[in-house]
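Dear colleague,

Please find the structure below, with the sequence alongside. My notes on what was found follow it.

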Amino acid sequence: MSAASPTQALLLATILFATGLLGVLARRNLLLMLMSIEIMLNAAALAFIAAGARWHAAQGQVMFLMILSLAAAEAAVGLAIILRLHAAGRPTLDADTGNRLKG
Amino acid sequence: MSDLPFILFSLVAACAAIMVITRAVPVHALLYLVVLLLSLAGVFQALGAPFAAMLEIIIYAGAVIVLFVFVVMMLNLGRTDRDRERHWMAPGIWIGPAILACLLLAALCITLRALPPTAGPDTLVPIGPQAVGIMLYGPYVLSVELASFLLLTGLVSAFHIGSNIRGTGTATEEA
């Protein structure tokens, strides 16, 4: 079982991705949806790392760095949009009320 | 059982992920998200990627989570959100889908276990920061530039979105 670590890591990545997808689909709080997206990005990064470990290639960690920068930019822009929504007088963070955006 | 730390990290990560998406209060979900990221760093270390593990701790569990905590502190979330989320997360609704999803997961585990082991290295050799750096600044230097473009775009758009928050607030109050 010692050589099966990449397979188990892929299994863990599947579980994490499904959990994050469920969070995005089921939760309506914008902050929690952003956190679920972070979970999904982490699952993708874990899949890359596992593949890199399986084939002894450093490209997996290179792609991890790309995902890391993507996640940082996504969190910054998403949280700025949440702050903007809140500052516009919206009392709740419910994503269902986002259909009244304008401008 | 040299795999024991890996299995422990994986179990903690899966449980923490489920706890993140079922919390009603965002701060509690953030605490579980930190646990999830730290355990994922442990998984990376066990997979032979120490550089990725350290970056996971420094950037994810450090910078991104601090950003989230900052926004949670700035927003003064009311009780209506929490009650509505609790209403959505009534356990009676979720029992059936959860059982079916667990069955699917068990089937996936059995399928993965039944696969013949592919020819590959028997032991995991760690890939250190030196190999990653050589790869990053050798054939992948263009993607490093693209990542810097992406970060610059994120910086500019976050600055633009958040630039005149005060102005919109007063405009909404006046309207």
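How much accessible surface does chain B have, and what share of that surface belongs to carbon and sulfur atoms? The accessible surface of chain B comes to about 11000 Å², and 75% of that belongs to carbon and sulfur atoms, the areas being taken from the Shrake-Rupley method with a 1.4 Å probe, where for residues only the protein chains shown count as cover.

Please keep in mind that this is a predicted model, in which local features need pLDDT of at least 70 and side-chain atom pairs count only at pLDDT 80 or more, while totals for chains, interfaces and linings use all residues. Residues are numbered from 1 along each chain as its sequence is written, chains are lettered from A and ligands numbered from 1 in the order in which they are written, and side-chain values use heavy atoms, with hydrogens and water left out.

On confidence, where pLDDT is the predictor's confidence in each residue, from 0 to 100, chain A has a mean of 86, with 90% of its residues at 70 or more, and chain B has a mean of 84, with 87% of its residues at 70 or more. Over residues 169–175 of chain B the pLDDT stays under 50, and the model has 2 contacts there beyond four places in sequence, a contact being heavy atoms within 4.5 Å.

Chain B has 8 helices and 0 strands, these being DSSP runs numbered from the N terminus (helices H or I, at least four residues; strands E, at least two). Of its 175 residues, 29% are buried, that is, under 20% relative accessible area (1.4 Å probe, protein chains only).

Between the chains, the axes of H2(A) (residues 30–54) and H2(B) (residues 26–46) come within 11 Å and cross at roughly 5°; axes are lines fitted to C-alpha atoms, for helices over the stretch in contact, with angles from 0 to 180 degrees between N-to-C directions. These two helices are therefore roughly parallel, a term for angles under 35 degrees, whereas over 145 counts as roughly antiparallel. Among the residues that meet are A:Ile39 and A:Leu46 in H2(A), and B:Leu33 and B:Leu40 in H2(B).

The axes of H2(A) and H3(B) (residues 50–74) come within 12 Å and cross at roughly 175°, and the pair is therefore roughly antiparallel. Residues making this contact include A:Glu38 and A:Leu41 of H2(A), with B:Glu56 and B:Tyr60 of H3(B).

Key: Parallel < 35°, antiparallel > 145°, perpendicular 65-115°, else oblique. Buried < 20%, exposed > 50% of the residue type's maximum accessible area, 1.4 Å probe, protein only.
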